[in-house]
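I opened my notebook to go through this model piece by piece. Here is what I looked up, in the order I took it.

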Amino acid sequence: MLAQHPDPETALRIACERMLLSNIGPNRGSQPAESAGELASALVLLAGLAEDAAEQAVADYSTALSLRGVGTPLHFRALQRQHAQQQGSAAPPLFLPTVCVVDRRVQIGEDLTHVSTVTFGPASVEIVVGYDREPATFTRRHAALMSGAQPGQAHDLTVKDDRGVTGSAHFSGVGGGTEWHGRWTTQGPLSPTTAWLDIEGTRVELEHAMASCEVRVEERVGGPLVHEFLWDRLAASHHHQPEGHAVLELLADVGLLTEDDASFLDAYARVVAAMGHGRGPTKVKNAAVPAPWRSLLARRNTSGRVLFVPMAAMTPVFDGFQLVVSNLRGLHDGFEIDAAVRGPHGGVARSNPFEDDGCTNPLTWWADDDRGNSYLGAWNGRGMGPDSADGQIRFLPGLDRRATVVRLTPQSLKERAVVEVPLP
Amino acid sequence: MTDILGLLPRAIHDIRCGDESHQLAWSHGAITTLDHADPDGERTLAALGGQRSRCIDVLDAWQRQRHSLRVLAIAPRSPADFLVGDDLAPVPQSGARPGRLSSSAGTRWSTGLLSRVFSTSSAYSSSVAFGWASTSGGTQPPPELAGSRDDIDLMMLLGLGSGLPHRLVAEVLCHWADRVEELPESAPELPALTAALYGRATAAVRPWMGDHRRPVEVTRVPSGQVPRMTADRDGVVLEVPFRWLTHVWVMGLATTAGRLALDATFDDGAVTLQTVGPEGGESTPMTVQLP
């Protein structure tokens, strides 16, 4: 006989049955908001479900759903597995880059180029540039590609440091009209302490003035783990709010959510409603919304401070993750950092409910400042592998103009890193 | 114990094997080929490098999967629950050359059901379901693209026609029905068995009640306990033994004469069903003479 609260695997499989039954008969083709993998992750993290049992259940029901036209077709999954195996897990090691601000317009070849920053890494140098018209680089590259050249072959440029080391750089970028931006990347390293770079005969002076950041790791202090999990889940999907209730139902099934959690669920529902779920935010009294969401929602349309902070920081390993954050850029509607994460799936949550893979314990990118404001970040362009993610994190809302310190607090379910970035 | 498998009608399935049309026959819980006189001899030859035949592949896959709990998770829950293979099963163009992998040129994608591919294609073995096939009669997918052996078996078996997939499910259920009562509460098989009961019972109750979103709670009770159903505006609670799956669901008796069968006993060519109406309550017997 079924117990009052079934064991986690039984609860998971019954939740998956519900998902599958919603694709039988007249309901066929309805897309579940949550995947079997997402349900399994919740029980692995919170209810002690063994990972191998969870993986078997996910495999069973992902196959079952595929054969009902839902989710990833089987042969795609076979190809994904093959791709993952080929990729291996050898992500490049993390490094602490040296970042220099330039912020000057210089003539490079035929193009008046705005050089923003130069970032030195162990294997290359990135020169971030902008143009106010289509650069000749683009035009020539397009012509070369049309005539059969390989991308990156045709339009290298030469970069030299003050030690006499020379590197060849290739360009990547996008744009249109009067706004073009991109980066030149050298194929080898240059001296990170060089006072200047010579780019195609034009000397560009470098300012070595990186912000000094304090870094630490601390345990998360909050409510019950199940509450923190649900808040994290909401935070990790704040650009595409979780629509379904299957995870909540499942947690109730196994007894992790009970009537004692009523006040938490009320607060959770208020935040979900206030965030909008893609149907437009509902007006909710701010006082009714818990921190850190209250500040986030109160300031969500405020214009931010525009600035660039050259910085780089590497965290210790926490909960299986290690990361480097660098180059804080204040924008009108938020701010952005470069981020490199090493750890399972780069700490990236599944981007859609049909992915079998994905981090069971994704990182949540919160930040706050010394004015009591909160910010929430999400990947805004990234590359990722089985154990890495590299790209940019975009935080919302814009930086408070009066803030003098912003604290980046990427967090897993149990721990968080704190990177304090002084603002000029 | 009732021989449920013996009560199911015999099934004959036509299958392309090499260049010929062969038949597989299922009866009383055993599947056989009617066209291969010495399957064991063929297996030996295949192990020595000879060509495998599709009929023998099916028989071998069947033996591997006839107790598999994965079958219960993947196979249909009801007649309305059919499996599709629109983008799983490539059908080779007629000009495909022997030995050529159809995942590249020479392939078009099927718009039919899995069964359409598996029941009509001669040289396309289980590997077809994963996007490759060899017209030489070989049956092994390229190792780098292969799913698990289980996946390959199941795609082949669940794509068979003529009621064979249902009989495979029946064999799995009968195997476990004989054991479920003796399993300890911590047995690793119980979650899958409990889910199998939940899914199939719910798939029977909802259309019977005309409400495909009706909350249904299913409790597995010991075989000696009287099964029952209660229904109110919050949903339906069903308390049935695991043998509901073998005695009722497998036999296609879940809804009979507008009533839901909670249990069945078989005696001398007749089946007596314990049935309830949509309002639940005390079950009443209904006897059906079997052909």
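**Aromatic pairs**

I started with the rings and counted 11 aromatic pairs over all chains, where rings of Phe, Tyr and Trp (its six-membered ring) pair if their centres lie within 6.5 Å. Planes under 30 degrees apart count as stacked, over 60 as edge-to-face and the rest as tilted. I then took F264(A) and Y268(A): their ring centres are 5.7 Å apart and their planes stand at 35 degrees, so the pair is tilted.

A note on the ground rules: this is a predicted model, so I kept to pLDDT of at least 70 for local features and 80 or more for side-chain atom pairs, while totals for chains, interfaces and linings use all residues. Residues are numbered from 1 along each chain as its sequence is written, chains are lettered from A and ligands numbered from 1 in the order in which they are written, and side-chain values use heavy atoms, with hydrogens and water left out.

Where do F264(A) and Y268(A) lie? I found both in helix α8 of chain A, four residues apart, about one turn of the helix. Helices (H or I, at least four residues) and strands (E, at least two) are DSSP runs, numbered from the N terminus. An α-helix has 3.6 residues a turn, so residues three or four places apart point the same way.

Are they buried or exposed? F264(A) is buried at 6% relative accessibility, and Y268(A) is buried with a relative accessible area of 6%. For this, buried means under 20% relative accessible area, exposed over 50% and partly exposed in between (1.4 Å probe, protein chains only).

My next pair was F318(A) and F321(A), with centres 6.5 Å apart and planes at 50 degrees, so this pair is tilted. Both F318(A) and F321(A) are buried. I also noted a cluster linked by ring pairs: W231(A), F264(A), Y268(A), W293(A) and W366(A).

**Two helices in chain A**

I checked how α6 (residues 225-236) meets α8 (residues 262-275) in chain A: the axes come within 11 Å and cross at roughly 5 degrees. Axes are lines fitted to C-alpha atoms, for helices over the stretch in contact, and angles run from 0 to 180 degrees between N-to-C directions. That makes α6(A) roughly parallel to α8(A), since angles under 35 degrees count as roughly parallel, over 145 as roughly antiparallel, 65 to 115 as roughly perpendicular and the rest as oblique.

Which residues make the contact (heavy atoms within 4.5 Å)? I listed H227(A), L230(A), W231(A), R233(A) and L234(A) from α6(A), and F264(A), A267(A), Y268(A), V271(A) and V272(A) from α8(A).

**Hairpins in chain A**

I followed β13 (residues 364-369) to β14 (residues 374-385) of chain A and found four bridges, running antiparallel. Two strands pair if DSSP finds at least two bridges between them. A367(A) has Y375(A) as its bridge partner in β14(A). These strands form a hairpin with four residues between them, and G372(A) in the turn has a positive phi of about 85 degrees.

Next, β14(A) pairs with β15 (residues 388-396) of chain A in the antiparallel sense over eight bridges. L376(A) stands opposite L396(A) in β15(A), and the hairpin from β14(A) to β15(A) goes through two residues.

**Chain B**

Last, I looked at an open sheet of four strands in chain B, ordered β9-β10-β11-β13 with antiparallel pairing. Its edge strands are β9 (255-256) and β13 (284-289), each pairing on one side only.

Notes. Contact means heavy atoms within 4.5 Å.
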